[in-house]
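Welcome! Please take a moment to look over the sequence and the 3D picture below, and then we can walk through some of the details together.

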Amino acid sequence: MQAQAHIETLKAKQLVGLSCSTSLVKNQTVALWKHFMKNRPTHSSEFIAMQVYGPDYFTSFDPTKVFEQWACVEVVNLEIIPENMVPFLIPAGLYAKFNYKGPSTDHSIYDYIYRQWVPQSKYQLDDRPHFQVMGEKYSNTSAS
């Protein structure tokens, strides 16, 4: 898997969604998204999967380390939050953007980013959320 990084300065993103604590070993992502999709706001066509890692999460690989997984949508106004949803603000800043098209079960993009691209780049991970934007054609069961 090869993906070219695009370095972009992004504006802050206002999100609403649901979160849960999970790990790679005891992954709760599917259950989180099922719950989110039943209650999601209907005004957004893009879904955002987000991970909030502790400051030492990437110091050594441990599939039992817990992190916060989010299922969200971007909103224009955080003053009106749907019932049972929680607001979250992704800070503005410099981000590396990777375009990926393929099945959600193929994790080679993450292997490439964290084992190849980051160590070989002039950039370092900082303590900000990691997120993936799934467009309106996204389907968890297809490569579209």
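## Some ground rules

A residue is called buried when its relative accessible area is under 20%, exposed when it is over 50%, and partly exposed in between, using a 1.4 Å probe and protein chains only. Glu8, with 28%, is therefore partly exposed.

This is a predicted model, in which local features need pLDDT of at least 70 and side-chain atom pairs count only at pLDDT 80 or more, while totals for chains, interfaces and linings use all residues. Residues are numbered from 1 along each chain as its sequence is written, and side-chain values use heavy atoms, with hydrogens and water left out.

## Salt bridges

How many salt bridges does the structure hold? There are 4, where a salt bridge is a side-chain nitrogen of Lys or Arg within 4 Å of a carboxyl oxygen of Asp or Glu. One of them joins Lys97 to Glu8, with the closest N and O atoms 3.8 Å apart. Lys97 sits in strand β6 (residues 93-98) and Glu8 in strand β1 (residues 5-10), so this pair links distant parts of the chain, 89 residues apart. The names come from DSSP runs numbered from the N terminus: helices are H or I with at least four residues, and strands are E with at least two. Like Glu8, Lys97 counts as partly exposed, because its relative accessibility is 39%.

Another salt bridge brings together the side chains of Glu74 and Lys13, at 3.3 Å from N to O. Glu74 belongs to strand β4 (residues 67-74) and Lys13 to strand β2 (residues 13-22), so the pair ties together parts that are 61 residues apart in sequence. Glu74 is partly exposed at 31%, whereas Lys13 is buried at 17%. Arg128 and Asp126 form a salt bridge too, their closest N and O atoms being 2.9 Å apart. Asp126 is partly exposed, with a relative accessible area of 43%.

## Two helices

Asn39 is found in helix α1 (residues 29-39) and is partly exposed at 31% relative accessibility. Its side chain reaches the backbone oxygen of His35 at 3.0 Å, which is a polar contact (a pair of N or O atoms within 3.5 Å; within protein, one must be able to donate a hydrogen and the other to accept it, and residues adjacent in sequence count only if both atoms are side-chain atoms). Asn39 and Asn84 are 45 residues apart in sequence, and their C-alpha atoms are 8.1 Å apart in space.

Helix α2 (residues 108-120) has 13 residues and should span 18 Å, and its end C-alpha atoms are 17 Å apart, which agrees. The expected span is 1.5 Å times one less than the number of residues. Where does α2 bend? The bend, about 30°, is at Tyr114; this is the angle between axes fitted to the seven residues ending there and the seven starting there. The buried residues of α2 are Ile109, Tyr112, Ile113, Trp117 and Val118, and they pack against β1 and β6.

## Gln69 and the cysteines

Gln69 lies in strand β4 and is buried, with a relative accessible area of 5%. A polar atom of its side chain lies 3.3 Å from the backbone oxygen of Met50. Contact means heavy atoms within 4.5 Å; leaving aside neighbours within four places in sequence, the contacts of Gln69 include Leu18, Cys20, Leu32 and Met50.

Cys20 is buried at 19%, and Cys72 is buried at 0%. A search of the whole structure finds 0 disulfides, a disulfide being a pair of cysteine sulfur atoms within 2.5 Å.
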